[in-house]
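Try each task before you read its solution.

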Amino acid sequence: MNKSILCALFSALPLIATAAPAAPLVATVQVESRWITADGVEKTTRFAERLVRSDSHVWTERIKPAGTPSGEAAEHAHAGEAHLHPSDLAGAAKLVGRDKQGKVSLSFVRTDLKTRVDMSPRDYDAVGFDGKWESAWSLIDPALITRLAPSKRESSVAGARWFEQRANGEYMRVLWSDSLKLALRVESGRDDGSRASRTLVKLEPQAAATQPWTQLSAYTRKDYTDLLD
């Protein structure tokens, strides 16, 4: 998977609750990137993920479109259990957690194989994760908003406003919800049109407050280093 896309997706942050924990937020995140190569070939990458976040967990799981080839668990059979490689995590669900002491953790989950792969901080760079809870909860690091200028672009979303920046032929625009501490839309690229990306968040206010991280107790747990042999 493109590392910049992984970073964009991981760039998602919570406001620490002082009252009762809020119900999990559920949304669909759509990501699209387009670029033109030096030989004139235009390429587009797009995917969607389901986002579920609580005060202490952020879960993202790929939404696979019709026609997606099915992975065969038998391909990974080894000594009676799933034998995975780093490439097998490309479409896996991602779980970022934060404990009461503020320690951040990252795991990849293959729900089809009932396997959870725990990452060590030393391996975060390999999957484009910066290790920040703030980046995993808001789809961008909220500190970035302070470096962007308020935009004159009107927002159709109550409580959200646009921020933007242009420099050296590149641009970034963010539709930021301060109440949710969440980037609802992120647009970036080059002014010459050679590269453009967009992340769009669609909230699901009527969605059931599912907590997929509570369903993992029976899953086989592995360490990422086990996949490198």
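**Exercise 1.** Find the side chain that Glu204 meets in a polar contact, then describe the surroundings of Glu204.

*Solution.* Start with the side chains: in this predicted model, Glu204 and Thr28 are joined by a polar contact of 2.7 Å. Next, place Glu204 in the fold: it sits in the loop that runs between strand S13 (195-203) and strand S14 (220-223). Now list what Glu204 touches beyond its neighbours within four places in sequence: Val26, Ala27, Thr28 and Arg50. Finally, compare sequence with space: Glu204 and Leu51 are 153 residues apart in the chain, yet their C-alpha atoms are 9.8 Å apart.

**Exercise 2.** Decide whether Glu204 is buried, partly exposed or exposed.

*Solution.* Buried requires under 20% relative accessible area, and exposed requires over 50%. Glu204 has 26% relative accessibility, so it counts as partly exposed.

**Exercise 3.** Which residues have the most contacts inside the largest nonpolar core?

*Solution.* The largest nonpolar core holds 41 residues, and the ones with the most contacts inside it are Val96, Leu106, Phe108, Phe129, Ile140 and Val174. Elements that each supply at least two of its residues include strand S1 (25-36), helix H2 (133-138) and strand S11 (170-177). A separate core has nine residues, including Val26, Val52, Ala93 and Tyr219. Then zoom in on Val174: leaving aside neighbours within four places in sequence, its contacts include Ile140, Leu148, Trp162, Phe163 and Val186.

**Exercise 4.** What share of the chain's residues is buried?

*Solution.* Of the 229 residues, 42% are buried.

Note on methods
Residues are numbered from 1 along each chain as its sequence is written. This is a predicted model: local features need pLDDT of at least 70, side-chain atom pairs count only at pLDDT 80 or more; totals for chains, interfaces and linings use all residues. Side-chain values use heavy atoms; hydrogens and water are left out. A nonpolar core is a set of buried Ala, Val, Leu, Ile, Met, Phe, Trp, Tyr and Cys residues joined through side-chain atoms within 4.5 Å. Buried means under 20% relative accessible area, exposed over 50%, partly exposed in between (1.4 Å probe, protein chains only). Helices (H or I, at least four residues) and strands (E, at least two) are DSSP runs, numbered from the N terminus. Contact means heavy atoms within 4.5 Å. A polar contact is a pair of N or O atoms within 3.5 Å; within protein, one must be able to donate a hydrogen and the other to accept it, and residues adjacent in sequence count only if both atoms are side-chain atoms.
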